[in-house]
Every structure is written in C-alpha cells, then in structure tokens.
Amino acid sequence: MIMLNKKLRRHYRIQNGVFVILLLLLIIILGFVAVQYRFQWDISQNGRNSLSETSIEILQKLQAPILVTAYATEQHAQLGDIRKIITDFVALYQRVKPDLSLTFVDPVEQPVLTQQADVKVNGELVIKYNQRTEHLTTINEQAFSNALMRLARAEDKLIVTLSGHGERRLEGDANYDLGDFGKYLSTNGFSNQTTNLTIEQDIPRNASLLLIASPQTDLLPGEVDKLLNYIDQGGNLLWLVDQESLRGLLPLTEKLHLTLTPGVVIDPQAGQLKAPITFSMGAIYGRHAITNNFNYITVFPYARQITINENEDWSSVALVEVAQQGWIETGDLNGSITFDQATDVLGPVTIAVALTRNIRDREQRIVVVGSGHFLANTYLGNGSNLDFGVNLVNWLTDDEELMVIQPRATIDSSLILSESELTWIAMGFLVLLPTFFLACGFFIWWRRRRITK
C-alpha cells in the first residue's frame, strides 16, 4: 500500500511538472504572438473603436503618404487632454495606413506657424496629400474619411446644372430641391454652377457633368439644340426625369435611343413594407461599375419606365429594375389604383439606364433616371439613395475608383447599465466566480485525498 502511495505521489509530481512546463511554454508562445501580431475586437454597437470598411477602402486607394498636423494646446477648456483624443482617433487610421503621420503644433507657443496654416480653431487638423490640403475642425470618422475622399481627387470636378425652367436646384432648401445632395457633393470635391441656355451661348467647356433635374416648363428649341450639341461634343449627362411631360426634350430621347413610357410605376412590394405603392423599391441592379457590390435598397418615388431601343451608337445597361409584381399605372393616381389589363403595362420595369460610347478618344457617359424625387431633400434619406446618387456622379465624372458606401456616423459613445445589471455583474465577479473556483479546487483536493488513502 505504501509503495502504491509513493507511485501515485511520483505520478502526480510528474503530472504537475509537465503541466507547469506546458503552461510556461503556452505563456512564452502567447507572448511571442502578442509581440509579432496585433489582434483587436470591437464590440461597440456601431464599431466606433475601429474603422468601417468604407474608410479602409478609401485609405487603400491613397498610395502616397498622408501628413496630419494637429494645431492643439496641451489642454482644451472643454475637452481636456485634446491631444490624447486626437492621437487615439488618428491611430485608427494609422493601423491601416502606417505612412499616415501625426504631428502637433501648439498654437500658443507657435502663433506664426498657426497663422501661416490659416488655422482658426484649437484642435484643428490640417491634412496634406499629394500637395493638396484639407482643414478639419470636427473630429469623427465621417468627416475625416470625407476629407480623404476629397484629397483623393486630383482636382475639383464642376457640375453644371441646367436652370431657367423650374429645375430642382443643387443648392436649394425646398423639399423639391436637391440641396442636401448638393451639400454632400460640395464637401467631397465637387463644385456647382448653374447655366441658363437662354442667356449662355453654350455649356461651359470645363464641365465634368451636366445635370438636368426635372424641368417644369418647356425648353425652347434653341436651348434643346445647345443640349444636343453638348451631347455631340462628348459631354457627360445626368438626366432626372419625372412623370410629367418631357418638357421639349423629346429630341434628346431620340438622340439617346430611349423611350420614356408615360405613367407611374406601381410596386406592391412597397405596400408590404408600409410605404406608398407609388414608391418603387430598387433591389435588382444591372452589372455595371455603378452598382458593383451595391447590395442595398433604394427608393424611387413616382418613377417612370425607361426603355432602351436597339441601336449601334450607344452601349446601354439597365441599372435598376423594379416592380417585379407591379405595373405601369396610366390612370388617375388619386382614385383606387388597380391593374387595368387594357391600358396598364405589367412589370418588371427598368427605371434607370447608363449609356456609353467612344467619342474624341474618350468615353462619353450618360445616366437617365426616371425619378427626380429619389435625390430630393424629402426622399434622400430613404434607403441608400445618397450612396446610389454619389455612385452615379462619381462614375459620370470618371471617378469610379471612389465609388464606395459613405462613411458611417457614430451611434454609441458610452455604455449605460442599470443598477440591477451592475449588481448582477458585481455578484458574478465578486461572489459567483470565486465560489466556483473554490468549489473546483475543493473537489480536486477531496478526490486526490480519497485516491491516496
């Protein structure tokens, strides 16, 4: 019996020794991995402690180094240690792009440098990339990533908007206008200029894009001729067409070999989602650079059908197809809306098309959308309308490499727990876990004691 006990004790000593050695090896391996590799998990509601995929894509498109200079004092009156806040924020970008550097300048100690940099606010960031500069007074991912998108453009792009016929305005604040969309474009490297073809001789030659946004009165024949000449010269065009008449632009549809069917698209799927059935839900997209990896819902109120006519002049792609179980309503929308086999046309319905052709050693790009409402201030926030609109403009201005989903805004900034939740957490860590470990230790001691007896 004594010999047996000695053998058991020797066995447990060897077992414990092997366990200690393995534990030490595990600690060494984990230490080596911690030094060589970096892992992190972000469990915040909106991933606020890490960058979104969009921001990462933007950084990957910027090949040259990025220089960030923060003009900040050691302490901020309201924010406290503002330099630490900036350092922690910029570190999120440095993990993805190591050649993004951050330097600090104290505006109190170095007022001349601060004045030369045209810095107005304590904590202002000056971002430099390829000889271009952006100033930021708001520190969050959306603002910073948008600034990087602007820097990624070699130069500002000019969007010329047709005016003089009650069109939707890119700088307008009315529900009908496109002001919110225009503000976003202006913060991302696009400038806007209106042109009235009853006054101007021609559309500016430096225009990257002409926007025709739902005219409310007919264009004069001379204006239409200038538009057709712009197309003949290879100009890019974004044409938003509502359910009203073409306002004298029938020759433009003939130039583009398109047919715009009268009537409004009815989408029963919208009714199932508690939206008006006159709102078409975009979820099926054609294969195109604009819609590449775009798996989001878009909403097109009061859309109309666009049909591509066979021709040899243009290469055409149907961008958005809606109303799989719907139809084109040609009757009165104020009454009972039901399908009339005699007059209405069954879906699916194409409501947006992209056209291209090679002219003058370059690719001419045109997009026609059968709903000007989808970019209007009233409806821009529906679905991913903003993202789709930005993709349209980026592609039309030859900036398709910048077609990414827009950076998100931060949702959560703190974790708030109730008293009962805090009590349960305290009980778990201070009572339950220690009790569990003690019970396990006692059970192991008791079991070994029984074996050795």
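**Exercise 1.** Does Leu433 count as buried, partly exposed or exposed, and at what relative accessibility?

*Solution.* The classes are set by relative accessible area: buried is under 20%, exposed is over 50%, and partly exposed lies in between, with a 1.4 Å probe and protein chains only. At 36% relative accessibility, Leu433 therefore counts as partly exposed. Leu433 is located in helix H11 (residues 419–452); helices are DSSP runs of H or I with at least four residues, strands are runs of E with at least two, and both are numbered from the N terminus.

Two remarks on the source apply throughout. The model is predicted, so local features need pLDDT of at least 70 and side-chain atom pairs count only at pLDDT 80 or more, while totals for chains, interfaces and linings use all residues. Residues are numbered from 1 along each chain as its sequence is written, and side-chain values use heavy atoms, with hydrogens and water left out.

**Exercise 2.** Describe the chain as a whole.

*Solution.* Begin with the elements: the chain has 11 helices and 19 strands. Next, consider burial: 44% of its 453 residues count as buried. Finally, consider contacts, defined as heavy atoms within 4.5 Å. Among those between residues at least 6 apart in sequence, 70% join residues at least 24 apart.

**Exercise 3.** Examine the length and burial of helix H10 (385–396).

*Solution.* The expected span of a helix is 1.5 Å times one less than its number of residues. The 12 residues of H10 should thus span 16 Å, and the end C-alpha atoms are 17 Å apart, which agrees. As to burial, 11 of the 12 residues of H10 are buried, among them Asn385, Asp387, Phe388 and Trp395. Just after H10, Asp398 takes a positive phi of about 65 degrees.

**Exercise 4.** Which residues touch the most other members of the largest nonpolar core?

*Solution.* A nonpolar core is a set of buried Ala, Val, Leu, Ile, Met, Phe, Trp, Tyr and Cys residues joined through side-chain atoms within 4.5 Å. The largest such core has 39 residues, of which Leu238, Leu240, Val320, Val367, Val369, Phe388 and Leu392 touch the most other members. Several elements each supply at least two residues of this core, including H6, strand E15 (315–322) and H10. H10 gives the most, with 6 residues. Apart from this core lies another, of 29 residues, among them Leu162 and Leu249. In soluble globular proteins, nonpolar side chains tend to be buried together.

Phe388 may then be followed individually. Leaving aside residues up to four places away in sequence, Phe388 touches Tyr285, Ile290, Thr291, Phe294, Thr298, Phe300, Val320 and Phe374.

**Exercise 5.** Identify the buried residues of helix H6 (residues 179–186) and the elements against which they pack.

*Solution.* The buried residues are Gly179, Phe181, Gly182, Tyr184 and Leu185. They pack against helix H5 (141–152), strand E5 (157–162), strand E6 (190–195) and H10.

**Exercise 6.** Locate backbone features that depart from the general rule.

*Solution.* Most residues other than glycine have a negative phi, and most peptide bonds are trans. Asn130, although not a glycine, has a positive phi of about 50 degrees; Asn130 lies in the loop between strand E3 (124–129) and strand E4 (132–136). Ala323, also not a glycine, has a positive phi of about 55 degrees. Ala323 is buried, with a relative accessible area of 2%. The peptide bond from Gly347 to Pro348 is cis, with omega near 5 degrees, and Pro348 is found in the loop between strand E17 (345–346) and E18.
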